[in-house]
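Trainee: Could you take me through one part of this model in detail, and then show me what surrounds it? I'd like to learn how to read it piece by piece.

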Amino acid sequence: MVIEYILLFAIFYTWHAMGITIGYHRLLSHRSFSCSKAVEYFWVLPGFLAFEGSPIWWATIHRAHHKWVETPLDPHSPRALGLKYAFTGWLAEKEYAPHLDPYKQCKDLVADPIYRFLDFNGRLPLGHAMGFACCFAFRLILWALFGWQVALISLLAGASVLAIPLMLNVVCHLPKYGYKNYALADDSVNVWWVGLLAMGEGWHNNHHAAPGSARTGMLPHEFDATWLMLKFMKKIGLITRMNVADHDVLLARAAAELAKQNNMSPVEVPAAPVLVTIGGGKSGGRVRDFGAKRAAVRKRRELSKQS
Ligand SMILES: [Zn+2]
Ligand SMILES: [Zn+2]
């Protein structure tokens with residue numbers, strides 16, 4: 001009986017955790033792959049039932065984390081805002097900070113009526129309350145159908161999964177706890193045990209080097225359970241396009257950035273793109289360079305400011 005309960009916990013844990021990693025993070029926040037709306041909702045649901053709240057709120061905060069990493073505008077930077085606030089303090093905010101606007105930063109999600117409904121037009125306490133109510137209602141249904149033991153195990157799995165991204169936000173931004181594959185200016189590090197608990201999200205330095213990559217485990221020992229699931233979904237046709245980072249290009253770009261910061265002699269950067277797109281329509285194997293695209297947009301903004 002105990003073995004059955006442990007197995008059930010593992011199933012619920014994996015389902016909820018992948019709801020966050022596949023649904024909320026790699027799909028909604030980064031659009032690192034494309035799939036049908038049905039598949040999207042299939043993965044967002046277990047994330048929502050793990051107390052993750054409004055998908056729009058989650059993605060807005062997360063996109064801001066990448067955009068303003070380690071600055072006071074980063075919603076949960078341990079370096080800029082302190083450990084306590086970075087862990088749970090930011091959850092108590094009652095509204096979006098002035099620099100956060102889902103209608104600008106998450107237009108793609110605001111366009112979805114279900115996500116819009118769950119966001120309560122930016123009234124965050126209402127959105128959180130609705131999320132929690134749905135999570136408890138789900139466990140009540142499990143109780144009625146399968147008994148209190150199943151409901152309790154599901155609740156424990158959901159609560160455990162809730163703690164993982166909160167801990168990851170802090171631990172994977174404290175250099176003393178991990179290592180860097182890529183010499184980025186931010187504090188992001190790869191932490192092996194977070195990598196295992198968070199289904200591959202603990203390879204956080206890799207993730208910051210290429211946020212749009214569907215794969216975060218880049219070295220052979222960096223086990224990325226989410227990537228294995230995404231590869232399987234691609235194989236059976238549920239995913240039509242995936243962006244995948246190239247390890248050698250990331251290394252070269254990070255080394256070039258480091259040389260620039262330290263005023264060392266320039267390091268040559270290969271012209272190859274950071275992200276290679278697999279699939280994506282009739283052409284198949286379309287290649288897009290998001291790093292170069294961002295640099296071009298920045299350059300255009302600078303030029304328009306000067307003129
Ligand atoms: Zn981060
Ligand atoms: Zn991310």
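Mentor: Let's start with strand 2, which is largely enclosed by the rest of the structure because five of its seven residues are buried. Buried means that 20 or more other C-beta atoms lie within 10 Å of a residue's own; 12 or fewer counts as exposed, anything in between as partly exposed, and the C-beta atoms are placed from the backbone. The strands and helices I'll name are DSSP runs numbered from the N terminus, with at least two residues (E) for a strand and at least four (H or I) for a helix.

Before we go on, keep in mind that this is a predicted model: local features need pLDDT of at least 70, side-chain atom pairs count only at pLDDT 80 or more, and totals for chains, interfaces and linings use all residues. Residues are numbered from 1 along each chain as its sequence is written, while chains are lettered from A and ligands numbered from 1 in the order in which they are written.

Strands count as paired if DSSP finds at least two bridges between them.

Now look at each side of strand 2 (residues 239-245). Three bridges tie it to strand 1, and the two run antiparallel. Find Phe 33 and you'll see its bridge partner in strand 2, Met 242. Further along, Cys 35 stands opposite Ile 239. One pair to look for here is Asn 243, which stands opposite Thr 277 in strand 3. Here's a handy rule as you click along: in a regular strand the side chains alternate between the two faces of the sheet.

Arg 31 sits in the loop between helix 1 (2-29) and strand 1 (33-35). Its phi is near 50°, a positive value in a residue other than glycine. Arg 31 has 14 C-beta neighbours inside 10 Å, so it counts as partly exposed.

Now for helix 2 (residues 37-52), which packs against helix 10 (residues 148-171) at an angle of about 85°, with the axes 8 Å apart. That makes helix 2 roughly perpendicular to helix 10; the label covers 65 to 115 degrees, with under 35 roughly parallel, over 145 roughly antiparallel and the rest oblique. Where they meet, Leu 49, Ala 50 and Phe 51 of helix 2 touch Gly 158, Val 161 and Leu 162 of helix 10. A contact here means C-beta atoms, placed from the backbone, within 7 Å. The residues of this contact are five nonpolar, one polar and no charged.

Helix 2 has several buried residues, among them Trp 43, Val 44 and Phe 48. The buried residues pack against helix 1, helix 3, helix 9 (124-146) and helix 10. From end to end, helix 2 spans only 19 Å between its end C-alpha atoms, whereas a straight helix of 16 residues would span 22 Å. The chain then continues with Gly 53, whose phi is positive, near 80°.

One last stop is Tyr 182, in the loop between helix 10 and helix 11 (192-197). This residue is buried, with 22 other C-beta atoms within 10 Å. Leaving aside neighbours within four places in sequence, Tyr 182 is in contact with Asn 205, Ala 209, Leu 250, Leu 251 and Ala 254. Tyr 182 and Asn 205 are 23 residues apart along the chain, yet their C-alpha atoms are separated by 6.8 Å.

Conventions. Axes fitted to C-alpha atoms, helices over the stretch in contact; angles between N-to-C directions. Contact = placed C-beta atoms within 7 Å. Nonpolar A, V, L, I, M, F, W, Y, C, P; charged D, E, K, R; others polar. Expected span 1.5 Å × (residues − 1).
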